[in-house]
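Dear colleague,

Here is the structure I am handing over. My notes on side-chain contacts follow it.

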Amino acid sequence: MKKIKIISTICLTLFIIYVIFGFWGVPYIVKNILPDKLKENGINFKINEIKLNPLSLELNADGVEFGTNEPIFVADKIYLNIAFLPILQKTIDITSLDIQKPQINVKLGKGSNIAQLASDKSKSDEKSEPSSVKIRLNGLNIKDASVEYNDDKNSIKLDNINYENNASTQELIFSSKGAQVNLKSINLGKSTVDSDGVKIGFSGFEIGEELELKSDDNKISLNIGKMAILGLSLKQNDTNAKTDIMAKVISYELDMKNSQSLLTINELALSELDAQSGVFSTNVKQISLSQIAANIKDSLSASVGKLELSAVAATANKSSLADISKIAINSINLNQNTLNAQSINVGKTELFGSGKNGFDVLNISQIVANPNTMQIGDVALDKMRFQSDLTDSGLSVLEPIFEALSNNKASKNPQSPSDKAPINLKIENIALNEASINLAHKFKGESITLKNDRINLKIKNFSLNDRFNLSLSAKDALTDLNVSGTAQISPLKAQLKLDAPSIIISPYYAYARPFLNAQLGGKGRLKLTSNITLNGEKYSLHSKANLNDISLTENSNKSLQVDEIALQSLVLTQNSLSLDGLKISSVKADIIRQKDGKLNLAALIKEQKNEKTPAKSKPETKDEELKLELKNISLNDAKVSFSDETVGFKTQINRLDASATALTKVAPISLSANANDAYLSINGKALLTDIEEDTELKINLKNLNLQRLSPYSAKFLGRDIDTGLATLFTQVKINKGALNVSNDLNLDNLVLGKSVPSPDAVSLPLDMALAILRDFKNQIDISLPISASVNDPSFHFAGVVVQAITQMLTDVVFSPFKFIGKALGMDASKLSSIDFAAGSAQMLQSESEKAAEFKKIAEEKGFKITITPEFNPNADAKAMVLSELGEKASKEEIENEIKKIDLKELQNLALERANAVKSMLLEAGISQDNIKIESKIDTNAPVKQDKFIPIKMGISK
């Protein structure tokens with residue numbers, strides 16, 4: 001009994017000591033003694049308050065801090081609850097562990113805060129038997145945690161981490177020489193981590209097969225046979241991602257003495273990855289990585305043996321952007337901020353969800369990148385296909401992308417411009433093989449297809465900042481185009497040569513339809529060579545071109561057909577355009593003057609209606625002015641069919657040639673044409689862009705068959721032309737709008753035919769006019785000067801010519817002697833009248849000398865000489881009174897006597913004068929039949945020099 005009492009007393013004493021030591025001793029040691037002991041080893045440990053309940057094994061600690069030169073672990077509160085009985089079996093069963101505001105700070109490299117935790121081996125040679133303890137953790141709660149990692153080049157910080165989960169583990173063993181945990185499996189339920197707006201969660205976490213955690217004085221190592229994270233999700237603002245992760249054979253080692261950590265993973269797989277950022281989303285069916293290794297010592301280095309992505313789908317605003325069958329990278333290495341990827345292969349890819357865009361394969365041999373540079377080896381893109389509608393706003397297939405980018409940008413706060421230098425990109429070789437393009441363009445209601453099925457592009461030594469070589473070819477049934485040369489992106493420079501042996505432009509004719517009332521036809525084969533130079537905003541283009549076989553068709557009739565247009569030189573710069581050697585050959589044109597007077601070629605151009613009044617443009621500065629120069633332009637072997645429906649006239653110009661040495665300055669021009677047997681030539685100088693300024697031309701027309709002009713003579717003269725040839729020499733001078741034209745016209749054997757009723761015909765005795773003009777060789781020579789102002793709004797050249805001809809014919813009829821003398825080779829200008837002294841019918845001697853010239857006209861031309869009786873009532877009456885009264889008569893006497901002379905007396909005087917002229921003509925040998933006195937007496941004859949009365953002379957048939 002006494003023995004039992006002693007044992008009970010001892011147990012009670014030990015229990016009291018245990019309770020006292022638990023409640024007060026352990027907290028005192030931990031708070032006051034342990035920090036001093038640890039400080040001797042360079043470790044700082046501090047705890048503000050600690051409470052231990054030795055009966056329930058509950059521990060509460062406030063203000064915990066552990067570290068070296070800088071804190072490694074800090075926590076506001078720690079609550080720990082351990083089951084008692086499992087301790088007797090060397091098992092620590094933690095029923096609950098709560099940590100509030102824990103902070104973990106790991107620093108490697110210079111100023112490391114964990115290097116001092118590594119210690120030399122103990123000088124003691126004592127060996128202790130290994131011991132171990134098992135730990136079972138049933139509940140873990142972490143609130144407002146933060147983790148920070150820093151080394152010399154990298155920094156990672158996670159804030160506001162919260163964790164709550166029930167856990168079950170097996171056999172966490174800590175040996176006497178360190179810590180070692182061997183687990184067969186760990187299973188975690190639904191968990192979330194929230195760190196500064198970044199939410200991470202998973203529906204399940206499993207470590208299977210085996211987990212081994214070891215710790216000694218210098219190293220911590222972790223080996224996991226298999227790990228799975230199910231339903232892993234990440235969310236930050238409008239960016240979120242979700243996937244399942246499976247990893248096999250994971251190894252991690254932390255060498256605290258050398259401040260180095262190493263992670264290796266044999267296999268890592270992500271399945272059904274869904275990621276979304278704003279309106280953009282990506283789905284990847286499977287991501288597989290093998291032979292992953294990461295090493296951190298001073299800096300991060302990592303490698304991946306192989307990376308494969310399968311069934312990658314990207315969308316924007318729920319519209320498909322890309323469907324990629326697979327992406328494979330054979331090797332990835334990261335060393336000191338330099339990434340090296342080898343053998344990248346992108347499989348068959350469909351773009352934009354239409355099934356019409358994409359490529360077969362993309363191969364990239366190597367990518368080496370760091371924060372400032374990216375070097376890429378060989379890039380080959382095979383059989384790219386691009387198809388889209390081309391609208392006023394751009395390529396329709398790209399509109400969802402631009403809309404998504406715009407929406408994404410609008411949903412984010414504007415960011416300040418980055419001060420980072422642009423990446424220096426270099427690509428060794430780029431090859432675009434067998435690409436095709438197909439664009440459908442709606443232009444003013446016209447549907448146009450722009451396509452090429454075989455495009456190849458090669459670029460060597462591509463760089464954003466240096467020159468690189470490129471060559472492009474586009475060859476199919478319609479196009480044979482080659483471009484080669486060098487280029488530079490920044491600053492923009494290029495030296496390119498374009499060679500297009502053949503481009504069929506007929507598919508592009510639709511661009512002209514909105515402007516034409518006709519159809520463009522012919523193949524339209526273009527041959528083009530160009531040298532292109534770009535240097536910033538400056539550029540130059542030197543080209544040579546040939547265009548063959550084009551036509552303009554109206555109502556199934558070809559109005560215009562051109563076999564060849566050749567341009568020897570086109571030079572374009574930002575300030576000038578020069579065309580040199582434009583040669584248009586073998587032109588066939590059908591020109592019709594329609595019944596409304598308009599030309600058919602003019603009607604081929606559609607009148608453009610301005611839907612909106614254009615805004616007034618600012619006056620161009622000198623820098624904006626484009627200097628235009630056109631020189632050495634020629635038209636060769638043109639054939640023109642002309643018909644005038646207003647009169648029923650048709651003719652054919654068999655050959656027309658023209659040339660001008662310049663269009664934009666006063667320069668020589670020439671033109672020659674053959675129509676039937678007629679020949680036309682024009683030579684001179686002109687400013688063709690402004691002929692009113694300074695023009696001088698000489699025009700020769702020879703051997704024109706006038707009979708062909710009968711439709712015009714019938715309309716305007718009321719007569720057909722039976723025979724006749726015309727020769728014309730014209731000189732044209734225009735100076736600042738003043739037009740002066742001299743015409744010398746010769747008509748050979750002109751004979752008018754039958755009369756043709758025409759409301760537009762002039763009412764003139766044409767036979768008489770021609771007879772006056774015709775010489776003894778049946779020639780008619782006419783000089784016809786024309787003067788006008790081309791600046792007059794009413795000016796019309798054809799109207800001026802018709803008016804001049806009409807006036808000339810009128811003058812011939814009513815002033816015949818002015819023209820008849822030229823036909824007879826004599827001066828007949830004075831034969832238009834015979835002068836008599838006032839009041840007298842006596843023939844003057846000077847006037848009698850005209851009889852011989854009248855005789856010549858009567859005999860050689862067969863005309864009748866007509867005499868018009870005339871008097872002047874005032875001059876003749878006064879002269880008659882003076883002859884009776886004398887010069888001394890008073891004015892009053894003269895006036896009284898004049899009143900006494902009646903009209904009959906003056907009419908007799910006029911008849912006497914006419915008979916006196918008739919007698920003179922008879923005496924000269926003119927036949928009575930060729931003399932005619934007009935029956936009408938002119939009662940108001942003009943007076944010459946106040947004393948002579950002219951008697952009008954004329955001719956008639």
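**Side-chain contacts**

Lys-715 lies over the face of Phe-716, 5.7 Å from the ring centre (a charge sits over a ring if NZ of Lys or CZ of Arg is within 6 Å of the ring centre and within 35 degrees of the ring normal). This is a predicted model, in which local features need pLDDT of at least 70 and side-chain atom pairs count only at pLDDT 80 or more, while totals for chains, interfaces and linings use all residues. Residues are numbered from 1 along each chain as its sequence is written, and side-chain values use heavy atoms, with hydrogens and water left out.

**Aromatic pairs**

There are three aromatic pairs (rings of Phe, Tyr and Trp, the last by its six-membered ring, pair if their centres lie within 6.5 Å; planes under 30 degrees apart count as stacked, over 60 as edge-to-face and the rest as tilted). Phe-642 and Phe-649 make a tilted pair, 6.2 Å centre to centre with 55° between the planes. Phe-649 is buried at 8% relative accessibility, and Phe-642 is partly exposed at 22% (buried means under 20% relative accessible area, exposed over 50%, partly exposed in between, with a 1.4 Å probe and protein chains only). Phe-649 also pairs with Tyr-712, again tilted, at 5.1 Å and 55°. That pair links distant parts of the chain, with Phe-649 in strand β39 and Tyr-712 in helix α4 (residues 710-716), 63 residues apart (helices, H or I of at least four residues, and strands, E of at least two, are DSSP runs numbered from the N terminus). Tyr-712 is partly exposed at 23%.

**Salt bridges**

The count is 19 salt bridges (a side-chain nitrogen of Lys or Arg within 4 Å of a carboxyl oxygen of Asp or Glu). Lys-285 bridges to Glu-272, with the closest N and O atoms 3.5 Å apart. Lys-285 is in strand β18 (residues 280-297) and Glu-272 in strand β17 (residues 260-277), so the bridge ties together parts 13 residues apart in sequence.

Arg-655 forms a salt bridge with Asp-637 at 3.2 Å. Arg-655 belongs to strand β39 (residues 649-662) and Asp-637 to strand β38 (residues 627-644), so parts 18 residues apart in sequence are tied together.

Glu-859 and Lys-855 meet at 3.9 Å, N to O. Both lie in helix α9 (residues 851-861), four residues apart, about one turn of the helix. Glu-859 is exposed at 55%, whereas Lys-855 is partly exposed at 28%. Elsewhere, salt bridges with shared partners join Asp-637, Lys-639, Arg-655 and Asp-657 into one network.

Regards
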